[in-house]
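Biologist: Could you take me through one part of this model slowly, as if I were new to reading structures? I'd like a close look at the part around the DNA, and then at the side-chain contacts elsewhere.

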2 protein chains.
Amino acid sequence: MLDVTRRTADPDEGQATVADTASRPQPRYGTRPTMKDVAARAGVGLKTVSRVVNGEPGVTPDTEQRVQDAITALGFRRNDGARILRKGRTASIGLVLEDLADPFYAPLNRAVEEVARAHGALLISGSSAEDPDRERELALALCARRVDGLIVIPAGHDHRYLEPEIAAGVATVFVDRPAGLIDADVVLSDSFGGARDGVAHLIAHGHRRIGFIGDRPGIHTATERLRGYRAAMADAGLPVDDAWLSLGPTAPERVRTEAVRMLAGPRPVTALFAGNNRVTATVVRVIAGRPRPVALVGFDDLELADLLSPGLTVIAQDAVRLGRTAAERLFRRLDGVDEPPRRVELPTRLVVRGSGELPPAED
Amino acid sequence: MLDVTRRTADPDEGQATVADTASRPQPRYGTRPTMKDVAARAGVGLKTVSRVVNGEPGVTPDTEQRVQDAITALGFRRNDGARILRKGRTASIGLVLEDLADPFYAPLNRAVEEVARAHGALLISGSSAEDPDRERELALALCARRVDGLIVIPAGHDHRYLEPEIAAGVATVFVDRPAGLIDADVVLSDSFGGARDGVAHLIAHGHRRIGFIGDRPGIHTATERLRGYRAAMADAGLPVDDAWLSLGPTAPERVRTEAVRMLAGPRPVTALFAGNNRVTATVVRVIAGRPRPVALVGFDDLELADLLSPGLTVIAQDAVRLGRTAAERLFRRLDGVDEPPRRVELPTRLVVRGSGELPPAED
DNA sequence: TAGAGCCTGGACAACGTTGTCAACACCGGC
DNA sequence: GCCGGTGTTGACAACGTTGTCCAGGCTCTA
């Protein structure tokens, strides 16, 4: 008896069965079989199918086998949407970042994914393209999908739109940049300290006129890094000329123009500090085309940075750790830990490779 | 009268209302308000709320305002899970790739995201980590969430597990590598042609002994590229020594070992062809440490490749176009286009930068 | 052999939304 | 004053699943 049942579940047999059930309503193409269909085919009740699918006890091996056979024959797959609706939790979290393809954020994305996976959750991530409206739209879309938690790399400065969501129980953690106008967990890199160390490194190698090219002033990390720059200069008692500073979009054209400008004139800068990886990539190209060496320290590491000549000296952030820390914090919240929001700041690391140790060029 | 109603819905008033409704069941912390709650508060029927939320016609401005006020006061957000359950379509697609953080796949991911966004769909992407079981697990999890379509960069070679899903109407497109044992749309780069061109380029610059280091032999692109290598050598009438060939994991240690081996001995290779970006990154480092120049062409472009000295000559694939093409194909399917599965092959591009034009070193 | 207790299985409601349909009020024209 | 039409609104079922609860059959013991 059992053997016969087993053979019925053979894929080939499954196809054959489609034909002989033409009389009763049969799932059409584009329609998925439901537990009801499985139950009908196996000749059992709906709940019994549910029990089998979820591995709940209280089903005889014989019945279970019949159900399993019906499942494979029909190609049934549980509808998680309905399951979630019933159970309340979605076992998924959302991640809003600036650009999925950015070499800094992609590893962060991956790190969050791994933590989510370890907790049995699915990650849904999307790009805000540095647009506050799009960030909001995306975050709220994720909330509408009822993600259990949200990790956000802010593009905007006002996150009060998340208040109802947070009040409703959506755990929320901000990464890389702090939240605006709401109180929430934040995981950051020490942008200020990193930039200060990087600039101090240049100063230690004899530079006095140092340029700073960073991202748009609205971006927290950009202003923090500029603050670090100013602190290092002030610590060394060096004056800062406004012409050495430039915050703005990181489009290659602008960065190129600014770098060229700072390197021209009677008293050019002898070193540059690049505020992030996109800026660094452009600045490296500008410098490469110059006869006179220019020292450079960049914020964020780059692939192949060690192979340039000179090697690229950078302030490295640990994107993976940033993502992992944020995700772990999120899941601790989801596990019910209730403590006041915390601000975690991860240290950066100076990676010495050559470009930051070049001496100032003679005037 | 109307004015009074409006004021009742004012957010501040909303708080006050919480207190005076202590008698009837009130949403607790962690519980989201539903349309029923909104309807009760606005003093209208459930369906009217639905109409307002979905911008359907047939609601007077007065009623609509009352509902809107109740919505903001309660912080209501539509539960898309329930909506999806009712409507059937989820307006979301899934993407299974090897590694979200891989510099080749991350832009592909982003490109798919943009197309999805343009079609009003959400993208859920995840990493298979080159593990067939994990690929399967992830793809089926996405199907259980009822994504409307699926884009897969295969890790395994048997995708029959997707047959029930495809039969049930989940549009499926494979990218970068062909599907295994099922008939489906595929979008590929011309790995064979690209590798053949790259190796021919080395041959044209005088090389006769050329090494090939690629990914594991189970991976379609790896074998295709090796086939391209063989074709170029055969076209030039050159013999191939098995010692010059190495397919295997792209872990830096193995690649380093193999490269060093090929460059040693009495008749070392004078040029190397690297089968993908990870291999290239390691080979560049090996070569950089050698006194005698070794020519190199890599498959896949790398950031900063132009800044190495010599610049890195590569066979570039357009990951963005690959992703965009696949996504557009998927949405065409979702729009109901019914035609036999198609195989699209995108051309590669030889980018000459120096490393591939080095002449063979003297023996 | 009767009663107690256990095991298996199924009927039913509920999750939050949308589609269907019918009720109702109001308007203008006869 | 009545009728049909129009425009607004709500009651109800359904989407596919899971939790609750109860029925029926079985075994075991007195």
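Modeller: Here is a walk from the DNA to the charged pairs and then to the rings. Keep in mind that this is a predicted model.

Let's start with DNA strand D. There are 26 residues around DNA strand D, and those that come nearest are Met35(A), Arg86(A), Thr48(B), Arg51(B) and Thr63(B). Of the atoms of DNA strand D that come within 4 Å of the protein, 63% belong to sugar and phosphate. So what kinds of residues make up this surface? They split into 8 nonpolar, 9 polar and 9 charged. Both chains take part: α4 (46-53) and α6 (80-87) of chain A, along with α4 (46-53) and α6 (80-87) of chain B, each give at least two residues. The largest share, 5 residues, is supplied by α6(A).

The side chain of Lys47(A) has an N or O atom 2.8 Å from a base nitrogen of DNA strand D. Arg86(B) also reaches a base nitrogen of DNA strand D with a side-chain N or O atom, at 3.3 Å. Lys87(A), on the other hand, has a polar side-chain atom 3.5 Å from a phosphate oxygen of DNA strand D.

Let's move on to charges within the protein. Side chains of opposite charge can pair when their charged atoms come close. Over all chains, the count is 48 salt bridges. One of them joins Asp62(A) and Arg66(A), with their closest N and O atoms 3.8 Å apart. Why is there about one helical turn between Asp62(A) and Arg66(A)? Because they sit 4 residues apart in helix α5 (residues 61-74) of chain A. Asp62(A) is partly exposed, with 37% relative accessibility, and Arg66(A) is partly exposed too, at 29%.

Arg110(B) is buried, with 15% relative accessible area.

Last stop, the rings. There are 8 aromatic pairs over all chains. In one of them, Phe273(A) and Phe299(A) sit edge-to-face, 6.5 Å centre to centre with 80° between the planes. This pair links distant parts of the chain, with Phe273(A) in strand β8 (residues 271-274) and Phe299(A) in strand β9 (residues 295-299), 26 residues apart. Phe273(A) and Phe299(A) are both buried. Over in chain B, Phe273(B) and Phe299(B) form an edge-to-face pair, with 6.5 Å between centres and 80° between the planes. Phe273(B) and Phe299(B) are buried as well. Arg225(B) lies over the face of Phe299(B), 3.7 Å from the ring centre. Back in chain A, ring pairs join Phe212(A), Tyr229(A), Phe273(A) and Phe299(A) into a cluster.

Technical notes
Residues are numbered from 1 along each chain as its sequence is written. Chains are lettered from A and ligands numbered from 1 in the order in which they are written. This is a predicted model: local features need pLDDT of at least 70, side-chain atom pairs count only at pLDDT 80 or more; totals for chains, interfaces and linings use all residues. Side-chain values use heavy atoms; hydrogens and water are left out. A residue is near a molecule or strand if one of its heavy atoms lies within 4 Å of it. A polar contact is a pair of N or O atoms within 3.5 Å; within protein, one must be able to donate a hydrogen and the other to accept it, and residues adjacent in sequence count only if both atoms are side-chain atoms. Ala, Val, Leu, Ile, Met, Phe, Trp, Tyr, Cys and Pro count as nonpolar, Asp, Glu, Lys and Arg as charged, and the others, Gly among them, as polar. A salt bridge is a side-chain nitrogen of Lys or Arg within 4 Å of a carboxyl oxygen of Asp or Glu. Buried means under 20% relative accessible area, exposed over 50%, partly exposed in between (1.4 Å probe, protein chains only). Rings of Phe, Tyr and Trp (its six-membered ring) pair if their centres lie within 6.5 Å; planes under 30 degrees apart count as stacked, over 60 as edge-to-face and the rest as tilted. A charge sits over a ring if NZ of Lys or CZ of Arg is within 6 Å of the ring centre and within 35 degrees of the ring normal.
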